[in-house]
Amino acid sequence: MKRVLAFLFFIAGVTLSVFLILYKNRHENYVISLREFVDVKIKTNPLSDDFLAIKELNKGNGSYAFLYYGDDNGLYYHNPKGENIILNKPLLDKYRNGFAFVDYELENKGLYVVQWLRNPPVKRIILIKTNIDGTNPKYVLMGDVGEPLGKPKIVGDGKGNFLVAWADESQGYGVAYALLKGDKVEKQEIIRPAIAFANLEVYTPFYNQEEGFMLVYTNDKEIRVRRISDGQEKVLYSFGPSGIQNKSVHVLGKKDRLDVYVWSYDSLDPYANYRLTYLSYKNPMAEPLEKKEASYDRGTPNIMPIYDYRGFAFFTSALPEKNKNVPKDEDEKLLGKRINVVFSAEGKGYVRAVEGDKFNDYTYSQLYLAHASTRDSVMVVFLDRRYILPQIWMSYIRDGKVVGYGPIEKPWVETPVFGSVVHVKDSIYRVYYLHKKQDGRTVLRAVDIDGEKLHNPYPYPSLSEREKRLKEDLERFSQCQVKNDLECIYSYFDPVAQQKYPFGTFKQNAENFKVEIKEYTCKGKVLKDSFIAWVQCEYTYKLPPRFMGIEIREQDRQRKDKSSGYWVYIKDQWRMVFQSFPGMNLIQW
Amino acid sequence: MKKKAIAASALTAMALFGASQQAKASAVMVPAVAFGGGWATLVSIVNKQGVNSLHLAYNYKQIGGPASASCLHADGTMSTSANDLTSFIVDGSTDRPVPLYGDTGYGGGPASFAVALAPANIGLPHLGFLAIENSTSATGGDLVAEAIVYNLSQRFLFSQRSIDLNHTSAGSATIPLTSTLTSGTTTTFISFAPGDSNPLIYAIGAHDTTGTQVNVFNTNYNAVIGLSKNNNTLYDRKELPLSDSASLTGTCIVIQSICAPQNTPTTGLVSYNTCYGGTAFKNVGGWFDLINTVASTGTLVLKVESNPSYGSAVTPLHRLDYSR
């Protein structure tokens, strides 16, 4: 008996130790889980409209669900069981391509998906009806009144009725809608409010119990809502004398809460005055629950409003405050402009997605990709080029403050421009992104990130290490130029250039050049604490007597010249930034 | 004066390259001459007829500097003779050709250029255009030119052939009227860019100080260029209409990517968000109408397609009429 007890205690002790080890690792690591979808053949270079995660079915217990366009142009559904089911096979077989966009409504285990087909002369909106398992998808065609133009959007009333809306250009520009019972079209109509295409970016189908289905749309004067049952309309917002010019309008929500953001600007100047008007409705046919105005001293014409957050909040891009964006010296001038993804909530000033970062505080160049939120927190996913090669970074914001930010991959592992986020539970968000394999192929991945633990765990070489390395690399590069060691010279080109200027072409051009380099020397300086350097070279060379078929005078053949340009530090080496045209760098940051 | 006839094979080679013209051009323009910052240009001129003196004029500016900077100018004359083949290298240190085959003197013109090619910082890249004409006769002469722009450190080069100009009198070579983008007129820009290749707009402000004729030789170095998309609409190759408000301004010479770079997302002719952030324009290309937004300026717009995998090409977007 004693032995049994001792054994049991031993097992308990081992189990407890294992648990503590795992817990400690978990505590330091913000990646809770990682899933790679090897069988998902998503199309190459997918755009944000080619993928849609199904919020309701993404759960922490290993349940993943999303809609995506495959590399065969088919629309696929990855169900929670892990199967990839094609939803539009008969249409794909018949039309081959011309499909775009996707939206869905999940209702009582039924999954209703809409997409767009434009394969002239066929131009239709398609509704596909299936279920959570993706069995037996059936489609119905809509939009036979004309030409669908913009992405279709769908909302349901929970009782098997749906409203689908899209932009239409069959009889001038308009917004079209179809009312469906299940998958049977009951009514279709085009509202013709638009004077120019710019008015057609906003149309939102909406439902609430009181009024039933409604459609929010814009014309060049105002934002209007129409109650579908009787056609009654109401103006939500008037644009004023300048109309919809210099404004960006966003209407969000499907049921119960409708948020309207009107973002106005006087000019495209990043330091112009930008203004926000925010309206929130429970019932857009009645008075708004909230109306707020806010003003900003900088920004860009686009904002990405956040829907689930308490109060009004959005992302945009911005330069540093005007007085902080004046270059203090030549180095800062050469480093150029710094664009950040910024967050603003409830009219307060901008907060950078990488707020508080002092290391490499010079180059930002961030591009917003996606976000998801709860009432209290937001996870934003963006493309960051502070380390030159584009990488997806994440930033977790809670109660208006940046809690942490960090990269999704190791340093200098390039991440393609694609991202999608859904909230899983508490501070855990799921980020879908494309992982680039060694052989260049990309594969879809999903990582569950605990925002509270998010940070950057990777070290980067110190400034003195980078300076030392620059001197060594420039020395070697110069020697290789004189020796005409083509492989060596090529190894110093930036990776974007190497991708687009294959070694074979470079070698061919070099051989056609038949140039003899007599002397070549370079000196360079790392700009501030960044991964960018400014390098000046001087060289003496001799051209052949005939260059690309053109004869050159003997006296003109020996020449002396100099150059200045950028070098960048990538993957432990400095590299020359290649120009594909005078003054135009291939790699951008 | 010693003359040497061009070997027939050399002329044939130039014809195959595309240098043969349907009409006689007594004035031509090499649209993009680059020097400095590691770049240099080898220019070759063939004088197919008995012209004795050529007038060369450069308008250029530093690339990467402010778009509002004026152009710099250099011009002068050189002597030539029938069937003369001349080549010279533009790298900021030499700006005028010396005949290959023994012609001496400078056709009666000054011994050196009136204003020398003298950029402030030769280490930085400069870009401009070179106009070449028969400097003594109004309509006589038949010129053809080609140029090879090269970057030594990169072993990278691209070539281009000259554009014909209207030549009504000496010192008055104009871009054919039907092709000049005057205020309010449009030209259609089409770009079918393979993925990651970002074509460039290269525009030359082409009006003289009187504003009455578009004289390439007397081009106002402060000529303001303003280009905008007509109603800010554009279409990608999937027939998807897109819209944004990016436009382009500069002085004398302007070169800009179609897609705005990420770090200044509102420069370029299509804003960064519309080009990259969820639309297909960058990857598949599309078209839009460009209009000149500056009154009293003529603008010549050229499209540069630059992709290292296949090289670069400079193409006028305007229809250029040949005239006899």
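1. A salt bridge here is a side-chain nitrogen of Lys or Arg within 4 Å of a carboxyl oxygen of Asp or Glu. By that rule, the interface of chain B and chain A holds one salt bridge. The side chains of Asp91(B) and Arg559(A) form it, at 3.0 Å, N to O.

2. The model is predicted: local features need pLDDT of at least 70, side-chain atom pairs count only at pLDDT 80 or more, and totals for chains, interfaces and linings use all residues. Residues are numbered from 1 along each chain as its sequence is written, chains are lettered from A in the order in which they are written, and side-chain values use heavy atoms, with hydrogens and water left out.

3. How many residues of chain B are in contact with chain A? The count is 64 residues of chain B, against 68 residues of chain A. Contact means heavy atoms within 4.5 Å.

4. The two chains, B and A, bury about 5,800 Å² between them, with 61% of it on carbon and sulfur atoms. Buried area is the accessible area (1.4 Å probe) that two parts lose on being put together, summed over both.

5. Thr182(B) sits in a chain B loop, between strand 11 (172-174) and strand 12 (186-191). Strands are DSSP runs (E, at least two residues), numbered from the N terminus. Thr182(B) counts as partly exposed because its relative accessibility is 37%, between the limits for buried (under 20%) and exposed (over 50%), with a 1.4 Å probe and protein chains only. Ala206(B) is 24 residues from Thr182(B) in sequence and 9.6 Å away in space, C-alpha to C-alpha.

Definitions and conventions: Helix = DSSP H or I, 4+ residues; strand = E, 2+ residues; numbered from the N terminus.
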